[in-house]
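Hi,

Here is the structure I said I would pass on. Have a look at it first, and my notes follow below.

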Amino acid sequence: MDSTTISFSTGRQRGVVDLTAAAAEYVAGRGDGLLSVFVPHATAGVALFELGAGSDVDVMHAIDELLPRNDDRYRHRHGSPGHGADHVLPAFVAPSITIPVIGGRLALGTWQSIVLVDPNEDNPQRKVRFSFLE
Amino acid sequence: MDSTTISFSTGRQRGVVDLTAAAAEYVAGRGDGLLSVFVPHATAGVALFELGAGSDVDVMHAIDELLPRNDDRYRHRHGSPGHGADHVLPAFVAPSITIPVIGGRLALGTWQSIVLVDPNEDNPQRKVRFSFLE
Amino acid sequence: MDSTTISFSTGRQRGVVDLTAAAAEYVAGRGDGLLSVFVPHATAGVALFELGAGSDVDVMHAIDELLPRNDDRYRHRHGSPGHGADHVLPAFVAPSITIPVIGGRLALGTWQSIVLVDPNEDNPQRKVRFSFLE
């Protein structure tokens with residue numbers, strides 16, 4: 001297995017980061033196998049959905065409805081407001097996803113992007129591990 | 001890695017499609033390894049739960065409570081009513097799952113089925129990619 | 001691929017079980033590869049989140065808000081109260097997750113634990129399958 005870790009600047013704003021281009025570059029020139037995209041953080045997830053048509057905003061909104069950011073709801077309470085919610089996120093939006101690679105290309109559908117979901121304002125840098133097994 | 005894509009008729013009704021038999025057939029005769037079930041669509045997911053006892057209806061109902069289908073809630077708005085919700089679904093019900101295979105058999109529990117979750121009325125045909133790595 | 005099944009006593013209380021130590025022991029001494037953690041049950045899931053700071057309680061609370069335990073909501077109705085909800089859980093908290101292993105060590109982030117999420121009171125014993133592919 002080949003594996004590498006890449007840092008992404010996510011800034012202090014809540015939201016998503018498109019990992020698709022970095023993942024495509026990582027698998028380019030390889031054969032057939034599975035790409036594991038793994039986020040070694042406890043307050044972020046990784047998902048596959050369409051970017052560029054508003055669904056990123058819709059996903060963050062749905063997360064905030066599922067996990068309201070008033071911290072008196074949460075046992076885990078420290079850091080910025082909403083941090084308790086951020087720690088519940090990965091139970092629903094897991095920090096690990098596997099994507100088939102065929103002939104060195106991600107076998108994504110036309111409208112699928114690989115998206116780092118990062119509701120946390122406190123971490124302006126995030127690491128993502130790409131691993132390839134053939 | 002071996003990989004293939006299979007088409008499933010999901011019809012114009014919202015709901016689930018049982019992929020278990022097709023997956024079992026795909027891995028039959030193989031050894032030990034991991035099966036990746038991957039849905040290359042931006043408005044569907046794949047999950048493991050019990051079929052035949054009503055949970056399919058319960059899952060769709062829970063999805064509709066989490067992601068109400070009144071489109072004025074969503075930034076992404078086109079196509080049939082509820083399409084905005086459909087585009088958020090894969091953040092919560094991912095289009096990728098990995099299942100161990102032992103001696104050419106899916107290592108599923110007694111009550112687990114592999115289920116394509118397809119809330120989208122607009123796509124009567126769906127593709128699913130099976131990949132096997134040993 | 002190497003694969004094994006381990007039994008965990010989850011008791012009759014609803015809640016979580018930490019699988020991290022057992023997974024770390026399973027991969028110790030191996031090289032680089034992917035660990036598949038798979039729960040062959042239809043009323044449990046596996047997730048990666050922080051333990052020891054209250055998020056386990058917060059996750060169970062969020063699950064109960066998403067899937068209320070009054071059974072008249074569910075088509076699937078038998079066993080203890082809440083069993084209908086338990087059968088919907090794996091659609092949102094999948095029973096399968098993949099974790100990279102580097103040099104025989106889980107490539108988890110500092111605050112990530114591997115957590116069996118088991119809302120079901122009826123099963124005091126649960127099996128978990130660990131599989132390692134390199």
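A word on terms before the fold: helices (H or I, at least four residues) and strands (E, at least two) are DSSP runs, numbered from the N terminus. This is a predicted model, in which local features need pLDDT of at least 70 and side-chain atom pairs count only at pLDDT 80 or more, while totals for chains, interfaces and linings use all residues. Residues are numbered from 1 along each chain as its sequence is written, and chains are lettered from A, with ligands numbered from 1, in the order in which they are written.

Chain A on its own

Chain A has three helices and eight strands, and along the sequence they run β-β-α-β-β-α-α-β-β-β-β. Its C-alpha trace spans about 50 × 30 × 25 Å along the principal axes.

I call two residues in contact if their C-beta atoms, placed from the backbone, lie within 7 Å. Among the contacts in chain A between residues at least 6 apart in sequence, 81% join residues at least 24 apart.

For burial, a residue is buried if 20 or more other C-beta atoms lie within 10 Å of its own, exposed if 12 or fewer, and partly exposed in between, again with C-beta atoms placed from the backbone. By that count 53% of the 134 residues in chain A are buried.

Two covered elements

Take β4(A) to start with: five of its five residues are buried. In a regular strand the side chains alternate between the two faces of the sheet. Here both faces are covered, with Gly45(A), Ala47(A) and Phe49(A) buried on one side and Val46(A) and Leu48(A) buried on the other. β4(A) pairs with β7(A) (residues 113–118) in the antiparallel sense over five bridges, where strands pair if DSSP finds at least two bridges between them. Within that pairing, Phe49(A) has Ser113(A) as its bridge partner.

Then there is helix α3(A), residues 83–92. Nine of its 10 residues are buried, so the helix is largely enclosed by the rest of the structure. Among those buried residues are Asp86(A), His87(A) and Phe92(A). α3(C) is mostly covered too, with nine of its 10 residues buried, including Asp86(C) and His87(C).

How the chains are related

Copies were superposed by least squares on the C-alpha atoms of residues with pLDDT of at least 70 in both. Chain C goes onto chain B by a rotation of 120 degrees with 0.0 Å of shift along the axis (RMSD 0.0 Å). That is the relation of a three-fold axis. Which residue of chain C comes closest to the rotation axis? Phe92(C) does, with its C-alpha at 3.5 Å. The copies use different surfaces, as 20% of the contact residues of chain C recur in chain B.

Chain A is superposed on chain B by a rotation of 120 degrees with 0.0 Å of shift as well (RMSD 0.0 Å). In chain A the C-alpha nearest the axis belongs to Phe92(A), 3.5 Å away.

The interfaces

Between chains C and B, 25 residues of chain C are in contact with 31 residues of chain B. β3, α3, β5 and β8 of chain C each supply at least two residues of the side that touches chain B, and the largest share, six residues, comes from α3(C). That side divides into 14 nonpolar, nine polar and two charged residues. The classes are Ala, Val, Leu, Ile, Met, Phe, Trp, Tyr, Cys and Pro as nonpolar, Asp, Glu, Lys and Arg as charged, and the others, Gly among them, as polar.

The contact between chains A and B takes 31 residues from chain A and 25 residues from chain B. On the side of chain A that touches chain B, β3, β4, α2 and β5 of chain A give two or more residues each, with the largest share, six residues, from α2(A). By class that side has 21 nonpolar, six polar and four charged residues.

The core

A nonpolar core here is a set of buried Ala, Val, Leu, Ile, Met, Phe, Trp, Tyr and Cys residues joined through C-beta atoms within 7 Å. The largest one has 126 residues, and those with the most contacts inside it are Val37(A), Val37(B) and Val37(C). Leaving aside neighbours within four places in sequence, the contacts of Val37(C) include Leu19(C), Val46(C), Ile99(C) and Phe130(C).

Cheers
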